Amino acid sequence: MSVYKQLLGEDFERLHPMLQHRYHTAPGETFRAKGVMSTVKHGSPLLLPFYYAAPLMDFLFPEQGSNVPFDMMYETVDQGNGIVDMNWSRNFYFPKKTRAFNSTTRIDLNTNTAYDLLGKPAMMRSNLLLNVSKEGKLITRTNAQHLFGLVPLPSFFKGQAIVEDGYDDERGVYTVHATVFNDLLGTIMMYAGEFEEITE
């Protein structure tokens, strides 16, 4: 059975049919795609030292731009005991630098819960809340966060994320809009774009 179908329950059927296809992923399967980010940007200049350090862990990065080519893939791995990992790899091709943003979504099918491990090695753990919009988009929000998976972050340090995954029927492309923000510092990172599945 699809990991996301079990995680979302009846709401899975409310996803756009192409999102059902995309997330009908079982252990051992892989999804690959490529496209263009119309916008990639970060926020406060106060975070510049962090943006320059984070690429060492394939996390955030200092580059910004428009019409940035990118590719992505995720593979689904059964870790046993009801735990399934979705290992995400994302590459952003800026004119002078290629940047990676990698993560693992760990899903506990025993409790129907999920969290993200951000970076390689994991710098941040973020609990995930998933729901389906009336338009059939998958909406993912972060909740509690832990530094290096261990240290709970107080609310004023947290980077809250909202990711909207959709499908544009007219253009025949998947769409994504992701924003990470902090209550004090504002936007930490935002990207928006579209992509197509690689099937060959």
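Predicted model: local features only at pLDDT ≥ 70, side-chain atom pairs only at ≥ 80, totals over all residues.
Buried means under 20% relative accessible area, exposed means over 50%, and partly exposed is in between, with a 1.4 Å probe and protein chains only. By that scale Lys-137 is partly exposed, because its relative accessible area is 31%.

Residues are numbered from 1 along each chain as its sequence is written, and side-chain values use heavy atoms, with hydrogens and water left out.

Helices (H or I, at least four residues) and strands (E, at least two) are DSSP runs, numbered from the N terminus. A salt bridge here is a side-chain nitrogen of Lys or Arg within 4 Å of a carboxyl oxygen of Asp or Glu. The structure holds 7 of them. I will go through some.

Lys-137 sits in the loop between strand E7 (124–132) and strand E8 (138–147), and Glu-164 in strand E10 (residues 160–168), so the pair ties together parts that are 27 residues apart in sequence. Glu-164 is partly exposed too, at 32% relative accessible area.

Next, Arg-99. It makes a salt bridge with Glu-63, where the closest N and O atoms are 2.8 Å apart. Arg-99 belongs to strand E4 (98–100) and Glu-63 to the loop between helix H3 (48–53) and strand E2 (65–80), so this pair ties together parts 36 residues apart in sequence. Buried or exposed, Arg-99 and Glu-63? Both are buried.

Then Arg-106 and Asp-85, a salt bridge whose closest N and O atoms are 2.7 Å apart. This pair links distant parts of the chain, with Arg-106 in strand E5 (residues 103–108) and Asp-85 in strand E3 (residues 83–93), 21 residues apart. Arg-106 is partly exposed at 27% relative accessible area, whereas Asp-85, at 2%, counts as buried.

Two strands pair if DSSP finds at least two bridges between them. E2 and E3 pair in the antiparallel sense over 10 bridges, and Val-77 stands opposite Asp-85 in E3. These strands form a hairpin with 2 residues between them, and Asn-81 in the turn has a positive phi of about 55°. E2 also pairs with strand E1 (residues 30–42), antiparallel over 10 bridges. There, Thr-39 has Ser-66 in E2 as its bridge partner.
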